[in-house]
Amino acid sequence: MIASMTGYGKAVLELPEKKVTIEIRSLNSKTLDLNTRIPSFYREKELEIRNLISEKVQRGKVDFSMLVELNPAARNQNINAELIKSYMAEFKSITSNVTDGELLPVVMRLPDVISYTQDDLGEDEWNQIRATIIDAIDALNQFRLDEGKVLEKYLTLNLNNILELLTQVVPFEKERIETIKERFNKRLEEVKVDIDQNRFEQELIFYVEKLDITEEKVRLKNHCEYFLKELAGTESNGKKLGFISQEIGREINTLGSKSNHSEMQKIVVQMKDELEKIKEQSLNIL
């Protein structure tokens, strides 16, 4: 089963004194490109968080966010009385037409008038937050698996389309050889030269062998079947699928260069169109 590198996961932890919201987003990337937004109070755990994500997410452009909303009623609140007096005095120096009762509500909204203190990060609290981070990662990975099912459906369709197009090449192979033979004979008649028929047949066979596509058809079929097998496997390996798609492309290109037939070339163009869709989707596979 394949997994997409695109995903989103969220988990929320409600504690008596705070609410912790964990969000993880991911997009496709060749390696793990991790960006974290962690409140300063939990910065000491950043390395552990990064290791946890890298272990479970593997690769992708990942944005990790931890939002903490403190409950004022459960926090230790300190009022800076000296700063309040200083603010009041400054306001009164500007205007004497306001009373202390009118100034106080304004001053209480100014920076650093009220400060809050938190206890040190405890082991129990961290264990709960760590479990919440894992829940968010699990939600992200489930999202990726769900997206992977959609990708698998489309990739399977594209691969089967290539295999179906490959069967459409067969009827034109014999016709192509006859066309080549007729074209050679016509050219010889135009130049009016006596030829050795046996030698002509040998040269024709040599030329036709150069245009033989039997090996390319076999390899292309094998590569497509290998791709489908990996899609149905137990592990998601986007890089491996990318390598297989490159091999598929080589065989399709060789078919096109050897086709020497307008209808076959049209089929090859359709194959290339299906392959481009496969390559584009494969870039988003984990």
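Biologist: Among contacts in the protein chain between residues at least 6 apart in sequence, what share joins residues at least 24 apart?

Modeller: That share is 79%, where contact means heavy atoms within 4.5 Å. Keep in mind that this is a predicted model: local features need pLDDT of at least 70, side-chain atom pairs count only at pLDDT 80 or more, and totals for chains, interfaces and linings use all residues. Residues are numbered from 1 along each chain as its sequence is written, and side-chain values use heavy atoms, with hydrogens and water left out.

Biologist: How many helices and strands does the protein chain have?

Modeller: Eight helices and six strands.

Biologist: Why is Val150 called partly exposed?

Modeller: Buried is under 20% relative accessible area, exposed is over 50%, and partly exposed is in between (1.4 Å probe, protein chains only). Val150, with 41%, therefore counts as partly exposed. This residue is found in helix H4, residues 123-191.

Biologist: And why does Asn237 count as partly exposed?

Modeller: Its relative accessibility is 34%, so Asn237 gets that label too. Asn237 lies in the loop between H6 and H7. Ser282 is 45 residues away from Asn237 in sequence, yet 9.5 Å away C-alpha to C-alpha.

Biologist: Which residues make up the largest nonpolar core?

Modeller: A nonpolar core is a set of buried Ala, Val, Leu, Ile, Met, Phe, Trp, Tyr and Cys residues joined through side-chain atoms within 4.5 Å. The largest has 27 residues, and those with the most contacts inside it are Ile162, Leu220, Phe227, Ile248, Ile252 and Met271. Two or more residues come from each of H4, H6 (214-231), H7 and H8 (262-282). H4 gives the most, eight residues.

Biologist: What is Met271 in contact with, leaving aside its neighbours within four places in sequence?

Modeller: Its partners are Ile162, Leu165, Leu166, Val169, Leu220, Ile252 and Leu255. Apart from that core lies another of 23 residues, including Tyr42 and Trp126.

Notes
Helix = DSSP H or I, 4+ residues; strand = E, 2+ residues; numbered from the N terminus.
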